[in-house]
Amino acid sequence: MSLLSFTYGIFKVLGYDLATFVTFLIDSIVFLLVASVAVAGTIYFFRKYMARVQLRIGPNRVGKFGTLQLIADAFKLFGKESILPRLRDDLPYKVAPVLVFIGLLVAFSILPYGSLYYIGDIFISNSGVGIILLFAVLAIMPIGELLAGISSHNKYSLIGALRAVAKDISFEVPMMLSVLAIVVMASARTTNSLNISSVVTSELLPYGILEPLGLFVFFISMIARASYTPFDMGESESELVSGYSTEYTGMRFGLFYLGMFGTILLGSFIVSLFYLGGYNGPYSSDIGLIYLLIKAVIVVVISFTVWLAMPRIRIDKFVNFGWKYLLPISVINLVLAGFLTIYLGW
Amino acid sequence: MEFQPGEEKGKDGRKIIKVKKEDLLSTLESLKKKGFNHLSLITGVDRKDYIEVVYHLHSFESNEYVVVKTVTYNSKVPSVTHLWKSADWDEREEYDLMGIEFEGHPDLRRLFLPQNWVGHPLRKDYNMKNVQYINMDEDGEDYATFDPGDGW
Amino acid sequence: MEVQEPKRRIPLVGTVEGVLTVFKHVLMKPVTVQYPEEKEYVPERFRFRIFLNLDDCVGCTLCEQVCPNKSIKMETVKRNNPRNKRMIYPDVNFGTCTVCRNCQEICPTDAIYLTHVFETSRTKNSFLYSPEELAMPEEEVKK
Amino acid sequence: MSEWVELNMGPQHPSTHGVLRLKIKVEGEIVREVEPVIGYLHRNAEKLCENTFFCDNLLYFDRMDYVGAPGMEVGYLEAAEKLLGVPPPERAIWIRTIMAELSRIASHLVWLGAYGLDLGMLTPFFYAFDLREKIMTIFVEASGSRLLTNYCSIGGVYQDFNEKIVQEIEDFINIAPSKIEELNSLFVKNDIFISRTKGIGYMSKEVAIDYGVTGPMLRASGVEYDVRKAEPYLAYSKVNFEIPVSSKGDNLARFLVRIEEMRQSVKIISQAIKKLPDGPFFNPKAKKSMMIRMRGEGEVYARTEASKGEFGVYIVGDGGVKPYRVRVRSPSLKNLSVLREIGKNVMIADLVAISGTTDLVFGEIDR
């Protein structure tokens with residue numbers, strides 16, 4: 001029983017071909033909407049949380065407790081005049097924010113989200129090489145950032161894009177190595193160790209406990225991927241105004257903004273899936289989604305607190321950190337994972 | 001009031017050394033050798049016929065304070081940037097607002113006002129009715145203009 | 001006194017402590033005052049809106065002289081006041097008033113004085129209060 | 001490899017604290033040359049002062065260092081009262097000392113919060129302003145205004161301290177040290193903060209003296225010099241405090257010196273509030289109708305230790321009711337001028353960190 005078969009059951013009368021088509025269409029649209037709303041919710045939660053940490057109240061004028069603030073903001077962003085720089089490279093300039101956001105949404109649709117009572121397992125794609133697909137899709141976003149930085153023809157944007165690329169190169173390798181350790185661990189327990197849901201299902205003891213180093217590396221990588229402080233050198237607002245998104249206004253900027261918060265949410269889902277046991281939990285397995293959400297929210301809160309409490313690291317220090325510390329740590333982690341798997345059989 | 005070189009004590013108890021413009025550099029050099037390593041302030045006072053230039057010197061070691069005064073009739077004074085780097089911006093400021101030309105200053109430009117500003121505001125004969133407007137050109141440099149339509 | 005640099009510690013421990021310190025503040029009460037709904041406490045010495053007692057004003061122009069940025073100008077008002085023969089009264093431009101209290105300090109008859117009223121929001125360029133308007137309560141001044 | 005790009009930071013830039021414009025030449029990430037361009041907030045307060053009465057000039061001094069206004073008022077009054085010959089009574093001197101020290105803390109707290117923002121820390125800004133709000137409450141209780149207090153006046157202070165203000169100052173003394181410690185720990189315990197400040201922006205003693213740098217920046221370079229000790233004014237000779245000095249000369253040293261100064265200021269206030277004498281708070285010679293008739297002749301230079309450094313006021317009077325010439329020694333201006341020297345050959349991120357420690361307030365630089 002899964003979300004797909006649940007929907008298929010409703011449209012069965014249409015015949016096999018049409019029903020499959022309609023099922024995927026409707027499920028994708030629902031997913032898209034839910035993901036967008038979830039990202040918007042993350043932004044609202046961030047604003048509320050930031051306000052409370054900073055002894056403020058936060059949005060409270062539009063709607064009850066300011067819940068409609070984001071809709072108002074979205075209207076504002078849509079209504080804004082989109083100012084285009086005169087010297088832009090037109091196509092990449094316009095494609096870049098969309099690329100960032102699309103990459104994010106696709107990544108959302110690759111993850112499994114556990115199950116809920118009547119609906120069953122919630123996923124859209126259950127690819128056999130889900131992990132590879134996920135990180136391939138995540139690699140689309142830096143391209144959008146780079147395009148945005150170069151096509152704006154702004155010195156700040158250019159420096160921001162260069163920083164973003166330098167940053168990406170230095171944490172991608174450790175991140176992939178730490179994911180590889182997960183795959184190694186999972187391979188002892190499941191035949192399909194590149195499929196995300198089978199990796200998570202095999203995770204009876206959370207991998208974060210077995211591989212704390214991997215969790216550390218991966219969490220830092222997710223911070224760097226979402227590019228918020230301390231690793232937001234690409235768009236550091238106190239140095240480069242807004243980095244690669246300096247020249248963007250209106251909804252184009254809004255897409256970058258959504259992309260950033262979406263990445264935080266996505267990163268929390270990935271961290272809780274791979275390292276914190278995902279949708280596994282005590283008692284019934286029917287409420288896996290709830291477990292996953294609780295874990296993700298905890299990771300989101302930790303991310304936000306780190307964001308608010310930390311100063312920005314300098315780009316050369318981060319590159320150093322990536323290559324001299326994160327990479328060796330992730331290699332050690334990989335070796336440990338192999339050791340644990342082969343000799344101890346955990 | 002005629003300007004007499006010499007020493008006196010000011011109203012606030014500071015030692016004032018009055019020197020002729022020709023002796024200014026040598027006096028300041030000898031003071032710097034004595035340990036007055038902090039040039040605190042350069043002030044120009046427009047006395048209508050002449051301009052008084054006042055140097056406030058201070059020594060961190062001995063905690064002494066001395067004021068050196070000189071006058072100039074053609075608003076030209078030798079620069080002391082080679083003695084104290086802090087004189088750089090002070091002299092630029094005094095050039096900007098008071099119109100004292102410091103001879104030998106490496107980069108004598110206006111500090112606050114746009115480069116093509118007309119007049120020196122702290123002069124007593126500066127016409128404050130004559131409004132100048134400021135705008136920015138293509139390169140991001142400010143310029144002053146008398147045309148109200150051009151300014152903002 | 002030489003200031004001491006922080007001692008070298010185990011990496012990340014202090015950082016985590018900092019993050020926890022920030023997190024602790026979630027539980028604290030917000031300090032925001034929701035202005036239009038909650039009125040903030042107005043201190044005793046707080047002063048803003050200038051009032052003028054037309055009967056006491058003798059038209060001595062001292063307030064005009066002492067006003068640092070020329071917010072006060074004298075204006076002729078036809079009014080029967082035996083003490084004010086020249087019939088000139090101050091008007092105040094609140095757009096430039098800095099509430100320096102000099103007018104209140106110098107007024108020989110205490111005719112001009114500052115009050116706690118501060119909600120004088122106006123649209124642009126209508127900050128000039130004529131002497132009669134200065135004598136009215138704020139609610140009655142229609143701009 | 002000498003291809004540089006000219007980058008224009010400011011006047012509208014998140015980290016230039018107002019309207020500083022830095023013309024920098026960058027080679028990749030490394031800044032090769034810095035040229036500060038200033039004057040965007042220029043109002044020529046010196047000329048304005050020539051056209052107003054002695055008592056009104058105070059207003060323009062409030063607007064110089066607007067984050068710690070009473071400190072500036074004290075600086076002007078030191079000079080003006082000497083010129084006019086109306087010394088303040090004992091109680092006013094102590095009240096002014098308290099206000100000057102409170103404004104020093106207020107100014108340092110703004111700097112602390114803004115420095116956090118420069119480095120990307122969003123939260124300490126609000127904690128710093130939360131503590132600053134307590135000082136603002138004291139200011140508003142004492143003077144009626146939060147920011148531009150206009151509290152001191154020639155010959156004393158406008159209004160006396162009452163019991164409520166004393167009570168609030170005592171409350172502040174009680175909570176301030178722990179809050180300052182908390183703020184300090186948020187910064188110095190953080191490894192990234194240390195890596196951003198330690199050894200960055202080194203300024204040697206010679207450079208600092210040569211450029212006329214004063215205040216915490218000078219003390220962080222190893223010169224134990226403070227006008228409060230070197231040429232005591234107000235009541236500073238009657239209170240115990242220490243001058244924090246560091247010989248390191250880097251960003252971290254400047255940071256720590258300012259933090260320590262805040263602690264010392266709290267100490268000074270707690271002593272001053274105990275020693276606050278009774279008596280008149282206003283010199284009767286300067287009361288009311290005398291305001292616009294005070295005449296001064298001669299010339300006076302007075303220097304005070306403002307939060308940014310040595311704040312000097314030079315007033316020349318010609319016997320009229322208005323000063324003939326007012327000249328202000330702005331500490332931030334001198335502190336900014338050294339940026340040309342210490343901002344060279346660092347990374348862009350470091351340039352922001354260095355210009356953050358110079359503690360710029362543009363009301364005072366451009367005057």
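1. The contact between chains D and C takes 36 residues from chain D and 29 residues from chain C, two residues being in contact if their C-beta atoms, placed from the backbone, lie within 7 Å. On the chain D side, helix H5 (124-143), helix H6 (163-188) and helix H11 (251-275) each supply at least two residues. H5(D) gives the most, with five residues. Helices (H or I, at least four residues) and strands (E, at least two) are DSSP runs, numbered from the N terminus. The chain D side divides into 15 nonpolar, 11 polar and 10 charged residues. Here Ala, Val, Leu, Ile, Met, Phe, Trp, Tyr, Cys and Pro count as nonpolar, Asp, Glu, Lys and Arg as charged, and the others, Gly among them, as polar.

2. This is a predicted model, in which local features need pLDDT of at least 70 and side-chain atom pairs count only at pLDDT 80 or more, while totals for chains, interfaces and linings use all residues. Residues are numbered from 1 along each chain as its sequence is written, and chains are lettered from A and ligands numbered from 1 in the order in which they are written.

3. Chains A and B are joined by no contact, and their closest C-alpha atoms lie 14 Å apart. Chains B and C do not touch either, with nearest C-alpha atoms 15 Å apart.

4. Chain D holds an open sheet of four strands in the order S1-S2-S3-S9, with antiparallel pairing; two strands pair if DSSP finds at least two bridges between them. Strand S1 (5-9) and strand S9 (346-347) of chain D are the edge strands, each pairing on one side only.

5. Seven bridges pair S2(D) with S3(D), where D:Glu33 is the bridge partner of D:Lys25. These two strands form a hairpin with two residues between them, and D:Gly28 in the turn has a positive phi of about 70 degrees. Strand S3 (residues 30-37) of chain D then pairs with S9(D) over two bridges, in the antiparallel sense; D:Met347 of S9(D) is the bridge partner of D:Ile30.

6. For chain B, the domain assignment gives domain 1 (6-107) and domain 2 (113-152); such bounds come from an automatic or database domain assignment. The centres of domain 1 and domain 2 of chain B, taken over C-alpha atoms, are separated by 28 Å. Six residues of domain 1 of chain B are in contact with six residues of domain 2 of chain B. Helix H2 (residues 87-98) of chain B supplies the largest share of the domain 1 side, three residues. That side divides into two nonpolar, one polar and three charged residues.

7. In chain A, helix H7 (residues 155-187) and helix H10 (residues 212-226) pack at an angle of about 140 degrees, with their axes 9 Å apart. Axes are lines fitted to C-alpha atoms, for helices over the stretch in contact, and angles run from 0 to 180 degrees between N-to-C directions. H7(A) is therefore oblique to H10(A), as angles under 35 degrees count as roughly parallel, over 145 as roughly antiparallel, 65 to 115 as roughly perpendicular and the rest as oblique.
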